[in-house]
Amino acid sequence: MRKICSSQTNCETGIAIRTYKGFCLALLFATIVGCGLRTSTVQLTPAARVELDAIFTTLQVRYDLTGSLKITQMVVTIEEDEQREELRESLWYKKSEKGGELLHIQAKGAYDAPRGVAIANQDENQFILSLLNERRTYSGPLSDGALREIFGIDLRVSDVLSAIFANPFLDGRRNDFTSVERAGAKFTITRPGVKSGHVETVTLFVREGEPRVTEWHIHDKNKVLQQRSAFSDYREVSGILRPHRVEIERPLEKTRVAVNIAKVELNVEINDSKFNAAPFLSEDFEIIPLSELAE
């Protein structure tokens, strides 16, 4: 694998890579890649099935009604081993006219100057990570493998939506449940994980017809916790309920990320130029193919 930096703790590149690893953990729901395990599914009563379908429909509608999302004030706290870093971040998300998903993330430094930029453009099948202080850009096709090489952890591109919209069911896995429990307004849903032998547990509460996903745990076949994700501080934005705090913990990697959102806007105009990677692929930058990270 290409050595990004000789001193991970002291050089700007090492800090930036660690920053984006933690930030993407908070936004990309780094679930384990693999084939789903088929297990016997629980048989739901007609009434329970209606309740669950209503929950899934509401979560889906929140996604359908969100054409764009803009977060200009967000604090990301990253704890990795014994290192702790707090950063200010911004995010722009948009559904393109071609049907793809567009994402732009910035880590900001002093005086709100961009410190690093990540752009994922589904329409052009392109992903870049640009370290502005070093004038260096990593570029390549938008793929699970590319993200895995950069951040050193299994990341699925398809999980971007699940993270942004606090909806573990956007991937369509809404039927293969091994158990569904209800205690008042609380629902606990267990289903096979994406990787063989893994198990996911999703906890949500329904209040006044509005479901709130609060916890998402992933355990391996030995019942060891791989990842804990938590959503809280739900508030309405333009009539759509959204969490304003997200926490991601991966115990085996000793990584914990907390995202606190102060200002978010929905369905605002975002120019397509925000997702244009060309400025970061100019002759002013050293361009490194993502494939080189695996060498």
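Q: Is His 244 buried or exposed?

A: His 244 has a relative accessible area of 5%, so it is buried. This residue is placed in strand S12, which covers residues 240–250.

Q: Which residues does His 244 touch, not counting those up to four places away in sequence?

A: A contact requires heavy atoms within 4.5 Å. His 244 touches Ser 232, Asp 233, Arg 235 and Val 237, and also Val 259, Asn 260, Ile 261 and Val 264.

Q: How many aromatic pairs are there?

A: Two rings pair if their centres lie within 6.5 Å, and planes over 60 degrees apart make the pair edge-to-face. By this rule there are five aromatic pairs.

Q: Where in the chain do Tyr 63 and Phe 165 lie?

A: Tyr 63 belongs to helix H2 (residues 46–64), while Phe 165 is in the loop between helix H4 (159–164) and strand S7 (179–183). The pair thus links distant parts of the chain, 102 residues apart. Tyr 63 and Phe 165 are both buried.

Q: What kind of pair do Tyr 93 and Phe 165 form?

A: Tyr 93 and Phe 165 also form an edge-to-face pair, at 5.6 Å centre to centre and 80° between the planes. Tyr 93 is in strand S2 (residues 83–95), 72 residues apart from Phe 165. Tyr 93 has a relative accessible area of 1% and is therefore buried; for Phe 165 the value is 9%, so that residue is buried as well.

Q: Which residues form an aromatic cluster?

A: Phe 56, Phe 169 and Phe 177 form one aromatic cluster.

Q: Which charged residue sits over the ring of Trp 92?

A: The charged end of Lys 274 sits there, 4.0 Å from the ring centre.

Q: What is the mean pLDDT of the protein chain?

A: The mean is 80, and 79% of the residues reach 70 or more. Over residues 1–17, however, pLDDT stays under 50, and over residues 22–40 it is below 50 too. Where pLDDT is low, predicted coordinates should not be read in detail.

Technical notes:
Residues numbered from 1 in each chain as written. Predicted model: local features only at pLDDT ≥ 70, side-chain atom pairs only at ≥ 80, totals over all residues. Heavy atoms only, no water. Phe/Tyr/Trp six-rings, centres within 6.5 Å; stacked < 30°, edge-to-face > 60°. Helix = DSSP H or I, 4+ residues; strand = E, 2+ residues; numbered from the N terminus. Buried < 20%, exposed > 50% of the residue type's maximum accessible area, 1.4 Å probe, protein only. Lys NZ or Arg CZ within 6 Å of the ring centre and 35° of its normal. pLDDT = per-residue confidence, 0-100.
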